[in-house]
Each structure stands twice: as C-alpha cells, then as structure tokens.
Amino acid sequence: MGLSLATAERWVERWERQQQRYAVDREERFTVIADVLEQAVTGRPDRPLVVDLGCGPGSLAARLARRLPGVDIVGVDMDPLLLELARTHHADAARYVDAVIGEEGWTHALCLDRPLDAAVSTTALHYLSPDALHRTYRQLAALLRPGGVLVNGDHFPHDDTALAGLAGCVGRRHAERGHALAHEDWDAWWTSVAADPELADLLTERRRRCRRQPAAGTDSAAHLSVTAHERLLRQAGFGHAGAVWQYGDSHVIVAIR
C-alpha cells in the first residue's frame with residue numbers, strides 16, 4: 001500500500017486547504033498548542049515524549065517537529081489512508097501507530113518506553129462518546145508524568161445556547177473573511193481521493209474499517225462544553241484544567257497532570 005512521495009504531497013496539501021474550512025484560526029490554534037508544549041517540556045533532562053491523538057496525515061505532528069526538533073512524537077490514528085499519507089509525507093516528524101483511540105488495549109499499541117510529557121490533539125477526540133472520552137482521559141493521565149499536560153484543540157459549544165449561537169457566528173464570519181469557504185470541503189476531498197487509483201487499496205481498507213466502527217451520533221463528545229471537559233478531566237485525575245485560548249467556539253483546553 002506504499003505511496004509515492006509526489007502523491008502524498010499532493011493529497012496532504014489539499015487536506016491542509018480543506019481543513020481551513022472547519023478549524024477556526026487553524027494555524028493560530030496549532031501555534032498555541034506548540035506554545036503550551038514548549039513551556040511544558042523546556043528543561044526536561046531526557047528527550048520529551050509526546051503522543052499526537054488522532055494525528056491524521058501528520059498536520060500537527062509536522063508543525064511540532066519543526067518547532068521542537070528535540071521532541072519524540074508518536075502519532076496514533078485509526079485511518080489507514082491518512083496514516084499512509086503521514087508516513088510518506090511527514091516520515092521524519094513522528095513514529096506512527098495504527099490504533100483506535102479508546103478501544104481496549106490501544107495504549108499498549110503505542111509501545112511507550114517512558115512516561116509521556118504531553119498528549120496533544122486537534123479536532124480528533126470529539127467522535128468519542130462521553131464515556132469513552134472519560135476513559136481515554138483516565139488512561140492518558142496514567143501515561144503522563146507528574147506535571148505533564150494534555151492539550152486539546154477543538155470546537156466546544158457554549159453552555160448557554162444563546163451564546164453558543166453567537167460564538168458559532170463569530171467563527172463562521174472569521175472563516176469567511178479568511179476566504180476559507182473557497183476551498184473544497186470534506187466530502188469533495190474524499191470524492192477526489194476515490195478517483196485516484198494509487199489510493200484505491202487504502203480507501204478499500206478504510207471503508208472496511210469504517211463499517212466496523214459506530215458512527216458518531218448525538219451521544220458523541222462533540223456536544224460537550226468546555227465546562228464538561230474540565231469536569232471529566234478533573235475526574236480522570238488531572239489537577240488543573242481549563243481553556244487557554246478561544247476564538248468563537250474554537251478552543252484550546254489544557255489539563256495538567
């Protein structure tokens with residue numbers, strides 16, 4: 001299922017443009033995550049170890065590797081096509097692991113040789129159910145060293161429904177001013193992928209796996225507010241949890257072990 005570098009570069013570039021439609025101030029969010037990570041790992045005696053949860057084609061891992069070249073990154077995802085794009089286009093950024101976050105035994109698949117200094121994620125954990133998310137938070141708390149951090153960038157609805165609507169509007173207006181809506185959307189990207197014969201085997205495997213995974217529904221963590229995440233994180237064993245950045249309904253939440 002190996003890909004040519006040219007093919008991987010082309011599809012990762014289109015992925016980057018496509019994702020701008022959905023993540024408000026995406027580059028700023030990445031930068032904030034890197035800022036937090038840099039603060040957390042500065043002065044560590046050993047090479048810091050970071051896991052990128054739901055790494056996709058390596059977008060966040062690649063940026064972190066450029067910003068912090070002394071950090072070891074493990075990227076984990078369940079999507080074989082996106083993982084192959086990451087392994088080909090961002091081969092030096094991370095060690096990539098094929099596993100389903102939240103499933104039994106997924107942390108063993110990471111093959112970690114020391115405690116984590118940080119776990120990072122962006123627009124990847126919202127597909128979990130609240131119970132699975134809480135379980136994942138507990139598992140990550142157990143893997144992190146004391147003082148280690150969990151950094152999650154995503155869209156979180158406001159507790160107040162009136163303010164939730166306003167926050168969403170602010171985000172959409174900002175995206176429109178950035179011309180993000182001119183790029184192809186998620187469905188168009190995957191439709192185009194399906195027309196590339198070099199990706200056919202990977203897409204077939206992806207479809208096979210998707211049939212085995214329940215689709216995210218009304219019980220997914222996408223409906224949890226920042227306050228709800230803070231509560232789950234503290235229940236999971238984190239001493240501190242809260243948002244350190246926000247634009248509209250896009251937030252970066254940090255929890256400290």
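**Loops, sheet and helices in a predicted model**

Trainee: What is the relative accessible area of Thr 123?

Mentor: Thr 123 has a relative accessible area of 27%, so the residue counts as partly exposed. Please keep in mind that this is a predicted model.

Trainee: Where does Thr 123 lie?

Mentor: Thr 123 belongs to the loop that runs between β4 and α5 (130–143). Its phi is positive, about 45°, although Thr 123 is not a glycine.

Trainee: And what about Cys 111: what is its phi?

Mentor: Cys 111 is not a glycine either, yet its phi is positive, at about 50°. Cys 111 sits in the loop between β3 (95–98) and β4 (116–122).

Trainee: Is Cys 111 buried or exposed?

Mentor: Cys 111 is exposed, because its relative accessible area is 58% and the cut-off for exposed is over 50%.

Trainee: Let us turn to the sheet. What is the order of its strands?

Mentor: The sheet is open and has seven strands, in the order β3-β2-β1-β4-β5-β7-β6, and its pairing is mixed. In general, the strands of a sheet pair through backbone hydrogen bonds, either parallel or antiparallel.

Trainee: Which are the edge strands?

Mentor: They are β3 and β6 (240–247), each of which pairs on one side only. On average, neighbouring strands of this sheet are turned by 20° against each other, with direction ignored.

Trainee: How many bridges join β1 to β2?

Mentor: Five bridges join β1 (residues 49–53) to β2 (residues 72–77), and these two strands run parallel. Among the partners, Leu 49 is bridged to Asp 72 in β2, and Asp 52 is bridged to Gly 75 in β2.

Trainee: How many residues of β1 are buried?

Mentor: Five of the five residues are buried, so β1 is largely enclosed by the rest of the structure. Leu 49, Val 51 and Leu 53 point one way from the strand, while Val 50 and Asp 52 point the other way.

Trainee: And in β5, how many are buried?

Mentor: Nine of the 12 residues of β5 are buried, so β5 is largely enclosed by the rest of the structure. β5 pairs with β4 in the parallel sense over six bridges. One of the bridge pairs is Ala 118 with Val 149 of β5.

Trainee: Which strands does helix α3 touch?

Mentor: Helix α3 (residues 59–67) packs on the sheet and touches β1, β2, β3 and β4; its direction makes about 135° with that of β4. Ser 59, Leu 60, Ala 61, Ala 62, Arg 63 and Leu 64 are buried in this helix.

Trainee: What covers the buried residues of α3?

Mentor: The cover includes the helices α1 and α2 (26–41), together with the strands β1, β2, β3 and β4.

Trainee: Which strands does helix α9 lie across?

Mentor: Helix α9 (residues 226–235) lies across β5 (144–155), β6 and β7, and it runs at about 155° to β6.

Trainee: Next, Ser 250. In which strand is it found?

Mentor: Ser 250 is found in strand β7, which covers residues 250–256. Its relative accessible area is 0%, so Ser 250 is buried.

Trainee: With which side chain does the side chain of Ser 250 make a polar contact?

Mentor: The partner is the side chain of Arg 29, at 2.7 Å. Leaving aside neighbours within four places in sequence, Ser 250 is in contact with Val 24, Arg 29, Asp 154, His 155 and Trp 245.

Trainee: Now helix packing. At what angle do α1 and α4 pack?

Mentor: Two packed helices are described by the angle between their axes and the distance between the axes. Here, α1 (residues 5–19) and α4 (residues 80–89) pack at about 115°, with axes 9 Å apart. The crossing of α1 past α4 is left-handed.

Trainee: Which residues make the contact?

Mentor: From α1 they are Leu 5, Ala 8, Glu 9, Trp 11, Val 12 and Trp 15, and from α4 they are Leu 82, Leu 85, Thr 88 and His 89. Seven of these contact residues are nonpolar, two are polar and one is charged.

Trainee: One last point: where is Arg 138 found?

Mentor: Arg 138 is found in helix α5. With a relative accessible area of 41%, Arg 138 is partly exposed. Arg 138 and Arg 234 are 96 residues apart along the chain, and their C-alpha atoms are separated by 9.4 Å.

How values were computed
Residues numbered from 1 in each chain as written. Predicted model: local features only at pLDDT ≥ 70, side-chain atom pairs only at ≥ 80, totals over all residues. Heavy atoms only, no water. Axes fitted to C-alpha atoms, helices over the stretch in contact; angles between N-to-C directions. Helix = DSSP H or I, 4+ residues; strand = E, 2+ residues; numbered from the N terminus. Left-handed = near helix turned anticlockwise from the far one by under 90°. Contact = heavy atoms within 4.5 Å. Nonpolar A, V, L, I, M, F, W, Y, C, P; charged D, E, K, R; others polar. Buried < 20%, exposed > 50% of the residue type's maximum accessible area, 1.4 Å probe, protein only. Polar contact = N/O pair within 3.5 Å; in protein donor to acceptor, adjacent residues only side chain to side chain. Pairing = 2+ DSSP bridges.
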